[in-house]
Amino acid sequence: MPAPRFRFWLTLAGGIVLLDQISKWFVTNTLYPGESRYVAPFWNWVLTFNAGAAFSFLADAGGWQRGFFTVLALGVSVWIVLLLRRHHRETCLSLALSLILGGALGNVIDRIRFGAVVDFIQWHVAG
């Protein structure tokens, strides 16, 4: 039987997935793709769909990247669960791993649903 702390970290990751999907549901039902909403001088909400990785890396690669990044995220998620099982008593490490796990699984859900990851937070400096 898994340790209670291990279950806690997995539950936290599940909560992150839920919050991730709720926030993306709200944004996709509130904004049109490319629409921008001012929040602060350094922050906007802008709905985009990123078919690539961070900073749209490989976004124009022709479609193969959807499956690649989905499988990669699932593989990394399994590895993170194994790390959490081994290090569940290390609070800072387990917290970080749980947050990453939740984000990775949220992105997998996006890639399956939309073929891309829903992005909507735009930070900027000096316009």
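**A buried lysine and the helix packing around it**

Lysine 24 is buried, with a relative accessible area of 6% (buried means under 20%, with a 1.4 Å probe and protein chains only). The model is a predicted one, with local features needing pLDDT of at least 70 and side-chain atom pairs 80 or more, while totals for chains, interfaces and linings use all residues. Residues are numbered from 1 along each chain as its sequence is written, and side-chain values use heavy atoms, with hydrogens and water left out.

Lysine 24 sits in helix 1, residues 4–28 (helices are DSSP runs of H or I, at least four residues, numbered from the N terminus). Setting aside residues up to four places away in sequence, lysine 24 touches Gly106, Asn107, Asp110, Val117, Val118 and Phe120 (contact means heavy atoms within 4.5 Å).

As for how the helices meet, helix 1 and helix 3 pack at about 40°, with axes 8 Å apart (axes are lines fitted to C-alpha atoms over the stretch in contact, and angles run from 0 to 180 degrees between N-to-C directions).

Then there are the nonpolar cores (sets of buried Ala, Val, Leu, Ile, Met, Phe, Trp, Tyr and Cys residues joined through side-chain atoms within 4.5 Å). The largest has eight residues: Phe6, Trp9, Ala13, Ile80, Leu83, Leu84, Leu97 and Leu101. A second, separate core of five residues includes Val27, Leu31, Leu47 and Val118. Val118 is also among the residues touched by lysine 24.

Definitions and conventions: Helix = DSSP H or I, 4+ residues; strand = E, 2+ residues; numbered from the N terminus. Buried < 20%, exposed > 50% of the residue type's maximum accessible area, 1.4 Å probe, protein only.
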